[in-house]
Amino acid sequence: MKSSGNGNVAQCVANLIATYQGEVPYQRLKGMDPSLIDENIITSEPKIKNHATWLIENFEERATVNDINVSINEFGTVQIEPDILF
C-alpha cells in the first residue's frame, strides 16, 4: 500500500489489482494470480474477471463489483479496470 491516501476504497481496489499473489507476507493469496496475466487474453479474460471479483469481494468488503473490464494496451500489457460501487 501507499504510505498515505490508502483508506480510499478505489485506491485499495487499485492496490489489490496491482499486487501479485505471493508478494504479501502471511497473506499469500492476496493479489492477482500472475499465471493468468501470461495466458492468451481470449482464454484468460473470464478467469481474470472471476479472480479479480473474488479478490475484491474477499479483501475489500466496502466495494461492490459491477463489472471487470480486461483489455490490452498499446504496449501489450493486460489492463484490469474494475467497475465498483462503494
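**Briefing: a predicted α-α-α-β-β chain**

In this model, V70 stands opposite I80 in strand β2. The model is a predicted one, in which local features need pLDDT of at least 70, side-chain atom pairs count only at pLDDT 80 or more, and totals for chains, interfaces and linings use all residues. Residues are numbered from 1 along each chain as its sequence is written, and side-chain values use heavy atoms, with hydrogens and water left out.

**Confidence**

- The protein chain has an average pLDDT of 90, pLDDT being the predictor's confidence in each residue, from 0 to 100.
- A score of at least 70 is reached by 93% of the residues.
- Where pLDDT is low, the predicted coordinates should not be read in detail.

**Secondary structure and the hairpin**

- The protein chain contains 3 helices and 2 strands, which are DSSP runs numbered from the N terminus (helices: H or I, at least four residues; strands: E, at least two).
- From the N terminus on, the order of these elements is α-α-α-β-β.
- Strand β1 pairs with strand β2 (residues 78-85) in the antiparallel sense, over 8 bridges; pairing requires that DSSP find at least two bridges between two strands.
- The two strands, β1 and β2, form a hairpin with 5 residues between them.
- Within the turn, G76 has a positive phi of about 85°.

**Overall dimensions and packing**

- Along its principal axes, the C-alpha trace spans about 35 × 30 × 25 Å.
- Of the 86 residues, 28% are buried (buried: under 20% relative accessible area; exposed: over 50%; partly exposed: in between; 1.4 Å probe, protein chains only).
- Among contacts (heavy atoms within 4.5 Å) between residues at least 6 apart in sequence, 37% join residues at least 24 apart.

**Aromatic pair**

- A search of the whole structure finds 1 aromatic pair. The ring centres of W54 and F59 lie 6.0 Å apart with their planes at 85°, so the pair is edge-to-face. Rings of Phe, Tyr and Trp (its six-membered ring) pair if their centres lie within 6.5 Å; planes under 30 degrees apart count as stacked, over 60 as edge-to-face and the rest as tilted.
- W54 is partly exposed, at 34% relative accessible area, and F59 is partly exposed, at 28%.
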